[in-house]
Amino acid sequence: MLTEDLKQQIQQAYRAFLDAKGLKSRYGQRQMVGAVARVIGGIQADASGVRQSEGHVVLVEAGTGTGKTLAYLLGTIPVAKAANKKLVLSTATVALQEQLLYKDLPDIALHAQLPVKVSLAKGRGRYLCISKAERILDSQGAMGQMALYEDEQVHKLDEADLGLYRDLLNEFASGRWDGDRDNLKRELEDQLWHPLTSDHLQCTNRRCHNFSACPFYRARESLDQAEVVIANHDLVMADLALGGGAILPDPADSIYVFDEGHHLAAKAIGHFSYSMRVAGSIRWLSAATRQLEKMRVDCGEHQVLSTYVTQLSQPFTDLNQCLESFQRTLRALLTESNGSPKSDRFRFPNGQLPEALRIEAGDVAKVADKAVVKFEQIVDLLKEAIDGGIPEIEKDAAERWYPQTGLLLSRMQAIHSLARSYRNPDPEGSSPTARWINVIESPDGVDFECRSSPVSAAATLSEHLWQHCYGAVVTSATLTALGHFDRVLVDLGLPADSPCERLQSPFDHQRCAELWVPPMQADPSNPEAHTAEVADFLAKRLPQASATLVLFSSWRQMRTVLEQLGDSIKNTILSQGQFSKNEILQQHRAAIDKGTQSIIFGLASFAEGVDLPGDYLTEVIITKLPFSVPDDPVDATMAEWIERQGGNAFIDWSVPVASMRLTQAVGRLLRTEQDSGNIILLDRRVVTKRYGRQLLDALPPFRRKLN
C-alpha cells in the first residue's frame, strides 16, 4: 500500500534532490512520480509478499525534457524497499545503463538521501571464460573443436591473435582487468571475442576449476546483495526464456522498469525466433560425428559414453536423410530447372506451409528430438565425470569436452526448434508465426535458410512476464501511436484498461523549431523520381548546413543520393556504414567543436538514441515517412492476420507504427530547452493523404510550413 508515510518519504526525497541541485520542480516530472508511485505502491500483496491484485503495470510516455529517469527512480525505490522487492532497471542501450550506474543512481543516493546497493547485470557473452581461453592457448589456437557452424567458420587464429589472448589472460590474472568486455582498453572484434565466451549449455558452473575466479560468477555474486539491478531488455528476455530467476532476480520478487520501453515487444519477438540452414546442417552432422568420435576416444572409450555415442549414429543417419529430402523439396519449390533461385526469399502466406513440407519438417523435428535426448545424456554423464563420480573418465577430458558437447546440443536444439515451428500450425485464434526461407550462397552452391518468428510478443510477455512479476513500469519518450496507447498495449499483451499516462515535453516546440514540408513533385511511391528529387534538394540545401542529420529509409536511396552529390559536399558527410555509430557521432562532435561543417547520413538506428544537443544538431532532414519495408516477412504476415480479422492493415498497423517512428525521428532535434532548429520532411504524403493529418497531429507542436 502507498501509505502516507511512504508518500511523505517520496515527496521529501524529491524536494531534497531539487534543493541540492538548485533545480525547479517540473510539472510533468511530478506527474510521473505520482503516477508510478500510485500504481506500484497500490499493489496488494499477501503476508508473504505475493501479489494479489491486477493493474500492476503502468505505461508512461514522457516527452523529452520531462526528466523521466529521476521520476521513475523516486517513484519506485522507496516502494521497492518497503515491499522488500528487487528493482530491475532494464534499458535498450549500453549508454543508458552507464548513465544509470554512474550518474543517476549516485545522484539519487547523494542528493535525495536514497542510497541503494546497485549491481550491473550482463549476459555471459560479455565476460571472459577463463577455461575456454586456456584451452585455446593450450591447443595453440586449434579451432576445430570450437567451430559450431563449420561452413560459417571465417576466422582462423594466428600468432597475433594468440598473443592477444595471452595478454588478456595476463591482464586478468594481474587484476588490471576484470574480465568484462566493456572494460577492455581496446575494442575487440566479435570474431575474436566470441571464442573466449561461454553460455549456459557450455558452462560447467561450480564444477569448473576456474569457478572461484570466474568473471561472470563474480559479477553474479553482487546481484544477490543488490537492491537495484541494472539490466537490458535482451537479458530480461533471456532470463524469462530460462524460466525466470535464472540470471536475474525472480520475477515474483521484482519490480521492473523498462526504459526505452518501445523496444520491448521487438526484443521479445527476437528471443522466440528460430533459424536453420539446411545444407549447413547436413555438413554439420558430418563434423559433429567426427567430434563425437574424438570425444569418445579422449574419454577412454568409457562403455556408457561409447554406447551413447553409438546410439546417436542412427538419429544422425535418419536426420541426414530427412534434411536431404527436405532440401530436395525446397529445391523443387524455390529454384528454376537450371538450379538458379527463383528469388532471394520465399515467404509462406499467413505463415502456413504446404502440407507436404510441413510433414517433412515434422520428420526432421521427430529425429532431432531423439538426438537432443542423447546429447543431454552425454552432457549429464560428463557432468558426473567432472564431479568425480566416474573415475574411468579423466576429469580433464570431461572438462575439455563438456563445453563442446554443449555447443553440439545447442545446434541440435536449434534444428529441432525450427523444424517444430514449421511442423506445428499456429493455434486457432492466436497471432500467427511468420515463416520464410532465404536463399543464400554457400560453399556448395545454394543453401536454404529456414526462418520463423512470431509476429506478436503479446502472448509471450503476458504468460512469462506480466502474470508473474510483482509490478512494472514501461516508459519512453515515444509509446503512443497517433496519440493513443492502444497499439502498444496490444503489442505488449497488456489489458486495455492498464493505467497509462501521457506527459508532454516541457520544451517550447512552437518557438524553438519549425517543421517544413517543401513542395516536392515526386511521390515516394515512385522511388527513382523521388530519390532524384531528394538528391537535388540536398545538393542545394547542404552547402549552407552546419550540423545536419539526414535520415533515410533504405540503404539504396542513401547510397544513390551520396553518389549524385558533388565531392565538396561528400567530404563533409559521415555516412552510416562508413564507421560505427559511436565513431560517427564522435567525429561529428569533433568537427562541430572545430567550427567546421558536419552532416550525418543515417538509417533507422540514427532516428533514435542520438543525443546531439545545442550546436551539435540544428537541422533534421527526413527523406521519407518511416513505413515498414513492404517485403519484411514478419510485417507482411502481421498485415495478412489483421486483414483476416476484418481490419485494415495499413490503417491499423502501418500508420501507427510509422507515427511512432516519425515521432522518434523528429525528437532528435530538441534535446534541451535551449535548443532550436528546423525539421524538413521530404514526403508530401503528410499533406496529400488522409492519414497525413493524423501523423502531423501526433507530433510535438512545432511551427509548421506546409508548402
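Start with helices α18 and α19, where H530, T531, A532, V534, A535 and L538 in α18 meet Q557, T560, V561 and Q564 in α19; contact here means heavy atoms within 4.5 Å. Sorted by class, that contact holds 5 nonpolar, 5 polar and no charged residues. For the classes, Ala, Val, Leu, Ile, Met, Phe, Trp, Tyr, Cys and Pro count as nonpolar, Asp, Glu, Lys and Arg as charged, and the others, Gly among them, as polar.

Before going on, a word on the model: it's predicted, so local features need pLDDT of at least 70 and side-chain atom pairs count only at pLDDT 80 or more, while totals for chains, interfaces and linings use all residues. Residues are numbered from 1 along each chain as its sequence is written, and side-chain values use heavy atoms, with hydrogens and water left out.

Back to the pair. The axes of α18 (residues 527-541) and α19 (residues 555-564) come within 9 Å and cross at roughly 50°, and the crossing is right-handed. The two helices are therefore oblique to each other (under 35 degrees is roughly parallel, over 145 roughly antiparallel, 65 to 115 roughly perpendicular, and the rest oblique). Helices themselves are DSSP runs of H or I with at least four residues, and strands are runs of E with at least two.

Now look at α1 (residues 4-21) and α3 (residues 68-83), whose axes come within 10 Å and cross at roughly 140°. That makes α1 oblique to α3, and their crossing is right-handed. In α1, L6, Q9, I10, A13, Y14 and F17 meet L70, L74, P78, V79 and A82 of α3. By class, this contact has 10 nonpolar, 1 polar and no charged residues.

Helix α6 (residues 159-174) is worth a stop too. Its 16 residues reach 22 Å from first C-alpha to last, close to the 22 Å expected at 1.5 Å a residue (1.5 Å times one less than the number of residues). D161, L162, G163, L164, Y165, L168, L169 and F172 are its buried residues, buried being under 20% relative accessible area, exposed over 50% and partly exposed in between. These buried residues pack against α5 (130-138), α7 (190-193) and α8 (215-225). Just after α6, G175 takes a positive phi of about 85°.

E301 sits in the loop between α11 (278-298) and α12 (303-334) and is partly exposed, with a relative accessible area of 45%. N350 lies in the loop between β7 (345-347) and α13 (355-386).

Terms used: Axes are lines fitted to C-alpha atoms, for helices over the stretch in contact, and angles run from 0 to 180 degrees between N-to-C directions. A crossing is left-handed if the near helix is turned anticlockwise from the far one by less than a right angle, and right-handed if clockwise. Buried means under 20% relative accessible area, exposed over 50%, partly exposed in between (1.4 Å probe, protein chains only).
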